[in-house]
Amino acid sequence: MPEVTTPYAPGTPCWVDLMVPDQQAALDFYRDLFGWQGEVGPEEFGGYSMCALRGKPVAGIMKTMAPEGAAPPPPPHWSTYFSSADADATQSAISANGGSVVSPAMEVGTIGRMLIATDPQGAFFGVWQPLDFPGAGIVNEPGALVWNQLTTTDPKAAGTFYRAALGLEAGPVSGMPEFTGFHVGGRAVGSVHGMENMPEGVPPHWLVNFAVDDTDSTVDALVRAGGSVLVPPFDMEKIGRMAIVQDPQGATFAIIALNGTPES
């Protein structure tokens, strides 16, 4: 499913965006790394950039907003958004099941409604109710979003929460019974993992994965551009070759060269 022509089923990751102090530097970095085209957007939307691949939107990049009061600004980070048929109903379900709403549901022009929340273990995520804009126009191909994975202190509790709040079903992935995926309509759309292999101090989080043609050469290009490698390229049986990296401003993401075509 490289090009998306229909709305995402509720619960499916439909969009990702990046918040960084230097928006233009990020636009330049991801242009060179993934071939994205984007520019600083209109003031009425906070300069939000819609980055495109082959003319189709694939990700957003925005400048870090100073929080109210004396709170420090959030660190650079990628966010995952899940599609919803009703953002207000999803917001109520999040609160009713132990999550916390960080930014309540609000209109984004005529393109949709969004909110930001955390799950009970503290992982941030977004919710997107599409109006004029359904989400990413290209997925599952080099330079585009291919997977979203939750790393958490309590995978079982997280599975219960995301089922109640977003309709995700946690269970084995076909052909990989040891691997716990999140499913929508029987199709794997993400995964959940424990914190066993995480360095001390890393909080629960959703990790954004982008597909690439060649993991090793992409890592080399990232390092030359000022990025850093957290987990060097490694082979995942039946899946592909993966690495976990940071961009020059410190936002973490993963890249993966798939062995085959991902499930669509």
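Modeller: Helices (H or I, at least four residues) and strands (E, at least two) are DSSP runs, numbered from the N terminus. The model is predicted, so local features need pLDDT of at least 70 and side-chain atom pairs count only at pLDDT 80 or more, while totals for chains, interfaces and linings use all residues. Residues are numbered from 1 along each chain as its sequence is written, and side-chain values use heavy atoms, with hydrogens and water left out.

The loops come first. N140 sits in the loop that runs between β7 and β8 (145-151). Its phi is near 60°, a positive value in a residue other than glycine. N140 has a relative accessible area of 15% and is therefore buried (buried means under 20% relative accessible area, exposed over 50%, partly exposed in between, with a 1.4 Å probe and protein chains only). R54 also has a positive phi without being glycine, near 55°. R54 belongs to the loop between β2 (49-53) and β3 (56-63), and at a relative accessible area of 52% R54 is exposed.

Next is helix α4. Which residues of helix α4 (residues 215-224) are buried? They are T215, T218, V219 and L222. These residues cover an arc of only 100° around the axis, so they lie on the same side of α4; the arc is that of the directions from the helix axis to the C-beta atoms. The cover over the buried residues of α4 includes α1, β13 (228-236), β14 (240-246) and β15 (252-258), where contact means heavy atoms within 4.5 Å. At the start of α4, a side-chain oxygen of D214 comes to within 3.0 Å of the backbone nitrogen of D216. A polar contact is a pair of N or O atoms within 3.5 Å; within protein, one must be able to donate a hydrogen and the other to accept it, and residues adjacent in sequence count only if both atoms are side-chain atoms. Just after α4, G226 takes a positive phi of about 100°.

Now the aromatic side chains. Rings of Phe, Tyr and Trp (its six-membered ring) pair if their centres lie within 6.5 Å; planes under 30 degrees apart count as stacked, over 60 as edge-to-face and the rest as tilted. Y30 and F34 are both buried. F82 and F125 make an edge-to-face pair, because their planes stand at 75°, with the ring centres 6.0 Å apart. F82 is in strand β4 (residues 77-83) and F125 in strand β7 (residues 124-130), so this pair ties together parts 43 residues apart in sequence. F82 and F125 are both buried. Y30 and F34 also belong to one aromatic cluster with F29, W36, W78, F210 and F253.

Charged pairs follow. A salt bridge is a side-chain nitrogen of Lys or Arg within 4 Å of a carboxyl oxygen of Asp or Glu, and the count comes to eight salt bridges. In one of them, D88 meets R113 with the closest N and O atoms 2.9 Å apart. This pair links distant parts of the chain, since D88 is in helix α2 (residues 87-96) and R113 in strand β6 (residues 112-118), 25 residues apart. D88 is partly exposed at 36% relative accessible area, whereas R113 is buried at 13%. Another salt bridge joins E169 and R163, with the closest N and O atoms 3.2 Å apart; E169 is partly exposed at 37% and R163 is exposed at 52%. R241 and D235 form a salt bridge as well, at 3.2 Å from N to O. R241 is partly exposed, with a relative accessible area of 26%, and D235 is exposed, with 59%. Salt bridges with shared partners join D28, R31 and D32 into one network.

Last, the cysteines. A disulfide is a pair of cysteine sulfur atoms within 2.5 Å, and the structure holds zero disulfides. C14 is in none, and the nearest cysteine sulfur, that of C51, is 16 Å away. C14 is buried, with a relative accessible area of 0%. C51 is likewise in no disulfide, with the sulfur of C14 as its nearest cysteine sulfur, and is buried at 2% relative accessible area.
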